[in-house]
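Please keep the structure open while reading.

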Amino acid sequence: MGQQNKKVIGILGGMGPDATITLFHRIVAQTRAEREQDHLPIIVDNNPAIPDRTRALLEGGPNPVPFLKESVQRLQKAGAEVIGMPCNTAHGFLAEIRKDLKVPFVDMVGLTQDQPGFKDRNYFLLATRGTIKAGIYSGLQIPEKSFQERIQALIYGVKAGENLVEKQLELKGIINIIREKDGGVVLGCTELSFLYWPPYNKPLFKDDGFVIDPLNLLAQELIRAAGLN
């Protein structure tokens, strides 16, 4: 396929940088390409100064929307023709972000909720308190309070650059507990997606349908929307 037929992907990133890198890598890894020229053009706006989305939703913290809109504007001015955002919690502000959009914006949450069997299986949402409180995902089981505290600490540990091997083992243990109860999990935070399947590594579990990774779905849809696969 000629380069002129490919759309430029924009990544609204920085929330956090590891998740942004992971989305970029997933796009590259899952693009059918025989040579580097077959890959998609990607523009990244990695702005880690965007205020914490969970604090904004739960505690009246600084509003991230102006920052998110600035990122969108920079991406559009740079030539992005389709945009994705590797942050689940930030999708709570998607309606406001879309007001200034002139290009398609891929809704990672909507993609996840449209997955076959999503409403039929006993899926648990692993996410920040902000994502849960805002009701960004609906129809999922919510972990009990002590379990949720473990998940929250795990997410912010990744953001803080704590030992990733230890964090991976902790995530694997959490998923195994749910799996033993015949439940599935939705990785409703992109830091968890990063732990589950980090760049240049393998996912923690074989794909047998009990783990839904929204970040992976976003990568696949951005590839499709850009005109490949």
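## Helix packing, sheet and backbone

Thr22 sits in helix α1, which spans residues 17-30. The model is predicted. Thr22 has a relative accessibility of 1%, so it counts as buried. Beyond its neighbours within four places in sequence, Thr22 contacts Phe194, Trp197, Pro199 and Leu215.

The axes of α1 and helix α10 (residues 214-225) come within 9 Å and cross at roughly 50 degrees. The two helices are therefore oblique to each other. The crossing of α1 and α10 is right-handed. On the α1 side, the contact uses Ala19, Thr22, Leu23, Arg26, Ile27 and Gln30. On the α10 side, Leu215, Asn216, Leu218, Ala219, Gln220, Leu222 and Ile223 take part. By class, the contact of α1 with α10 has eight nonpolar, four polar and one charged residues.

Helix α10 also holds Glu221. Is Glu221 buried or exposed? Its relative accessible area is 19%, and the cut-off for buried is under 20%, so Glu221 is buried. Leaving out residues up to four places away in sequence, Glu221 touches Val106 and Leu111. Glu221 and Asp107 lie 114 residues apart in sequence, yet their C-alpha atoms are 9.4 Å apart in space.

The crossing of α7 and α8 is left-handed. From α7, the residues in contact are Phe147, Arg150, Ile151, Leu154, Gly157 and Val158. They meet Leu164, Lys167, Glu170, Leu171, Ile174, Ile177 and Ile178 of α8. By class, the contact of α7 with α8 has nine nonpolar, one polar and three charged residues.

The two pairs are set out below.

| Helix pair | Axes come within | Crossing angle |
|---|---|---|
| α1 and α10 | 9 Å | roughly 50 degrees |

Three strands form an open sheet in the order β5-β6-β7, with parallel pairing. Strands β5 (123-126) and β7 (211-212) are the edges, and each pairs on one side only. Strand β6 covers residues 184-187 and is joined to β7 by two bridges. Strands β6 and β7 run parallel. Val186 stands opposite Ile212 in β7.

Some backbone features remain. Most residues other than glycine have a negative phi, and most peptide bonds are trans. Where does the model hold a cis peptide bond? The cis bond joins Met15 and Gly16, with omega about -10 degrees. Gly16 lies in the loop between β1 (9-13) and α1.

Asp182 is not a glycine, yet has a positive phi of about 65 degrees. Asp182 is in the loop between α8 and β6. Its relative accessible area is 58%, so Asp182 is exposed.

Tyr200 is likewise not a glycine, and has a positive phi of about 60 degrees. Tyr200 is found in the loop between α9 (190-196) and β7. At 74% relative accessibility, Tyr200 counts as exposed.

Terms used:
Residues are numbered from 1 along each chain as its sequence is written. This is a predicted model: local features need pLDDT of at least 70, side-chain atom pairs count only at pLDDT 80 or more; totals for chains, interfaces and linings use all residues. Side-chain values use heavy atoms; hydrogens and water are left out. A crossing is left-handed if the near helix is turned anticlockwise from the far one by less than a right angle, and right-handed if clockwise. Helices (H or I, at least four residues) and strands (E, at least two) are DSSP runs, numbered from the N terminus. Contact means heavy atoms within 4.5 Å. Ala, Val, Leu, Ile, Met, Phe, Trp, Tyr, Cys and Pro count as nonpolar, Asp, Glu, Lys and Arg as charged, and the others, Gly among them, as polar. Buried means under 20% relative accessible area, exposed over 50%, partly exposed in between (1.4 Å probe, protein chains only). Two strands pair if DSSP finds at least two bridges between them. Axes are lines fitted to C-alpha atoms, for helices over the stretch in contact, and angles run from 0 to 180 degrees between N-to-C directions. Angles under 35 degrees count as roughly parallel, over 145 as roughly antiparallel, 65 to 115 as roughly perpendicular and the rest as oblique.
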